[in-house]
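Dear colleague,

Please find below the structure that I am handing over to you, together with its sequence. My findings follow directly after it.

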Amino acid sequence: MDGSRTKEQPVDDTVTAEIPPIRALEFFSGLGGLHYALDFCNLPDARVVAAFDINEHANSCYLHNFGLKPTTRGIEYLSASAIDKLNANAWFLSPPCQPYTQGGKSLDNKDARANGLLHLVELLGEIQARPEFVFVEVSESIFLREEHWMDPLLLHPISWNYHGILKDIWTLTGHSS
């Protein structure tokens, strides 16, 4: 992406013809960056059906921006049946980086702040309506760690096609750093 496309310009029709309607769950939703990214793609029949974040201030902003109030219940307490009822085919995740950074003591998956992410990985084996798409946004420092935060997901018995893209914000927006 060169950063010059506006929201009004739809993605290529040959690409959208292959994509089913997106019903997304946004986990660790914060202010809604991944929700905005979905809106920016201008895909027909694409929407976020539920969002989850424990930060009430971020949730107020999310509600203001999108008209959807995120659930404040901790992700680690969600049940498989609750996820199944939402009938989503896409998961958007922007998990906390602190468990995997030096500033966060580098406890990796042993850090309590990783519990929500690890619980979602467990739920993949329990839910009936597994997502067709999983989009994850993380910082470079997490992505390059030796004990990779995504190991539980990649080693999960469910088969995945994995495509990792390591881009900085300046490259994605078409600006130089």
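Strand 1 (residues 23-27) and strand 2 (47-52) pair in the parallel sense over five bridges. Within this pairing, E26 stands opposite A51 of strand 2. Please bear in mind throughout that this is a predicted model.

Strand 1 also pairs with strand 3 (residues 90-93), again in the parallel sense, over four bridges. Here E26 faces F92 of strand 3. Strand 3 in turn pairs with strand 4 (residues 133-136), likewise in the parallel sense and over four bridges. The bridge partner of W91 in strand 4 is V134.

Taken together, the four strands form an open, parallel sheet in the order 2-1-3-4. Strand 2 and strand 4 each have a single partner strand, so they stand at the edges and one side of each lacks a neighbour in the sheet. From one strand to the next, the twist averages 20 degrees.

The side chains of strand 3 deserve a separate remark. A90 and F92 point one way, W91 and L93 point the other way, and all are buried.

I turn next to the nonpolar cores. The largest of them has 18 residues, of which L25, F27, I83, W91 and L120 touch the most other members. Strand 1, strand 2, helix 4, strand 3 and helix 5 each give two or more residues to this core. Helix 5 supplies the largest share, namely four residues. There is also a second, separate core of eleven residues, which includes I22, L38, A51 and Y62.

Which residues is W91 in contact with, leaving aside its neighbours within four places in sequence? They are L25, F27, I83, L120, L124, I127, P131, F133, V134 and F135. W91 also belongs to a cluster with F27 and F52, linked by ring pairs.

Two of the helices were examined for burial. Helix 5 (residues 115-124) is mostly covered, with eight of its ten residues buried. These are G116, L117, L118, H119, L120, V121, L123 and L124. In helix 2 (33-41), the buried residues include L34, H35, L38 and F40. The elements that cover the buried residues of helix 2 include strand 1, strand 2, helix 3, strand 3 and strand 4.

Is Y62 buried or exposed? Y62 counts as buried because its relative accessibility is 0%, and the cut-off for that term is under 20%. F66, by contrast, has a relative accessibility of 23% and so counts as partly exposed.

Another pair, F133 and F135, is stacked, at 6.3 Å centre to centre and with 20 degrees between the planes. F133 counts as partly exposed, because its relative accessibility is 25%. F135 is also partly exposed, with a relative accessible area of 41%.

N42 has a phi near 55 degrees, a positive value in a residue other than glycine. N42 follows helix 2 and lies in the loop between helix 2 and strand 2. With a relative accessibility of 32%, N42 counts as partly exposed. N87, too, has a positive phi, near 50 degrees, and is a residue other than glycine. N87 is placed in the loop between helix 4 (80-85) and strand 3.

Yours sincerely

Key: Residues numbered from 1 in each chain as written. Predicted model: local features only at pLDDT ≥ 70, side-chain atom pairs only at ≥ 80, totals over all residues. Heavy atoms only, no water. Buried < 20%, exposed > 50% of the residue type's maximum accessible area, 1.4 Å probe, protein only. Pairing = 2+ DSSP bridges. Phe/Tyr/Trp six-rings, centres within 6.5 Å; stacked < 30°, edge-to-face > 60°. Axes fitted to C-alpha atoms, helices over the stretch in contact; angles between N-to-C directions. Core = buried A, V, L, I, M, F, W, Y, C linked by side-chain atoms within 4.5 Å. Contact = heavy atoms within 4.5 Å.
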